[in-house]
Amino acid sequence: MTYSQWPDVLPRPANRGLERLPAIDPWFEIHRVRPGTFALLEPRHYEEVISYLIVGRERAVLLDTGMGIGDIEAEVRHLTNLPLVVVNSHGHYDHVGGNHRFDEVWAYDDDVEVARIERGKPRAECAEFMQPGWYLDLPPGFDPAAYEIRPCRVTRRLRHLDTIDLGGRTLT
């Protein structure tokens, strides 16, 4: 599929089977995957980014922060008020764009990926991701020409088989 075919396949059939919850910002679609697990979709960009919120009794993990176009922190805070840790699967722009909104950002212990996350991406490098036709219905006030991935500090490096205790749920 090319980006020009992308809008014609929405909504994805698999998403129709999930419980859809109200989103604050229409940039996002929020779906309950199962109790305590939510998919935060960004279907209005051809990347169709999905971040996951995993909630325990004492803490929550946001797996990736999407593109940074919409306010993913507001969406997460609408779903939980527990202490939150962001865990990045890797450092690509569509996984770390909202990192700057959070205090705790963890990433796999790989110097290249951590450097990519901490460096961010300036506007000149992000312009290729905001070409006309690659997105629909941007949030009010969002300027695609000003799109950038802001730098953020990785506060913990995760190693293979590390665990994250959420209280009643443990992630490995």
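Let's start with Leu161, which lies in the loop between strand E8 (156–158) and strand E9 (164–165). Leu161 has a phi near 75°, a positive value in a residue other than glycine. Is Leu161 buried or exposed? Exposed, with a relative accessible area of 59%. The cut-offs are these: buried is under 20% relative accessible area, exposed is over 50%, and partly exposed is in between, with a 1.4 Å probe and protein chains only.

Before I go on, a word on what we're looking at. This is a predicted model, where local features need pLDDT of at least 70, side-chain atom pairs count only at pLDDT 80 or more, and totals for chains, interfaces and linings use all residues. Residues are numbered from 1 along each chain as its sequence is written, and side-chain values use heavy atoms, with hydrogens and water left out.

Okay, a second residue with a positive phi. Glu48 isn't a glycine either, and its phi is about 50°. You'll find Glu48 in the loop between strand E3 (37–42) and E4. Glu48 is buried, at 17% relative accessible area.

Move on to strand E4 (residues 49–55), and there is Tyr52. Tyr52 is partly exposed, with a relative accessible area of 32%. Together with Val33 and Ile50, Tyr52 forms a nonpolar patch on the surface, with about 210 Å² of accessible area together. A patch is built from residues with over 30% relative accessible area and no salt bridge; nonpolar side chains (Val, Leu, Ile, Met, Phe, Trp, Tyr) are joined within 5 Å, and like charges within 9 Å. The areas come from the Shrake-Rupley method with a 1.4 Å probe, and for residues only the protein chains shown count as cover.

Now let's zoom out. How many helices and strands are in the chain? Five helices and ten strands. The C-alpha trace spans about 45 × 35 × 30 Å along its principal axes. With 172 residues, a compact globule would have a radius of gyration near 16 Å, and the chain has 16 Å, so the two agree. That radius is taken over C-alpha atoms, and the globule rule is 2.2 Å times the number of residues to the power 0.38. Buried residues make up 45% of the 172. The chain exposes about 9,100 Å², and carbon and sulfur atoms supply 50% of that. Of the contacts in the chain with a separation of 6 or more, 58% are between residues 24 or more positions apart; contact means heavy atoms within 4.5 Å.

Next up, charges. Side chains of opposite charge can pair when their charged atoms come close. We call it a salt bridge when a side-chain nitrogen of Lys or Arg is within 4 Å of a carboxyl oxygen of Asp or Glu. The whole structure has ten of these salt bridges. One of them joins Arg116 and Glu113, with the closest N and O atoms 3.0 Å apart. The two are three residues apart in helix H4 (residues 111–119), which means about one helical turn separates them. Arg116 is partly exposed at 27%, whereas Glu113 counts as buried at 19%.

Another pair is Glu29 with Arg20, at 3.8 Å between the closest N and O atoms. Glu29 is buried, with a relative accessible area of 12%. Then there's Lys121 with Glu125, at 3.2 Å. Salt bridges that share partners also join Asp109, Asp111, Arg157 and Arg159 into one network.

On to the cysteines. A disulfide is a covalent bond between the sulfur atoms of two cysteines. The rule here is a pair of cysteine sulfur atoms within 2.5 Å, and the count comes to zero. Cys126 is buried, with a relative accessible area of 0%, and Cys152 counts as buried at 12%.

Last stop is His100, in the loop between helix H3 (93–96) and strand E7 (105–108). Which residues does His100 touch, not counting those up to four places away in sequence? Arg150, Pro151 and Cys152. His100 is partly exposed, at 24%.

Conventions
Helix = DSSP H or I, 4+ residues; strand = E, 2+ residues; numbered from the N terminus.
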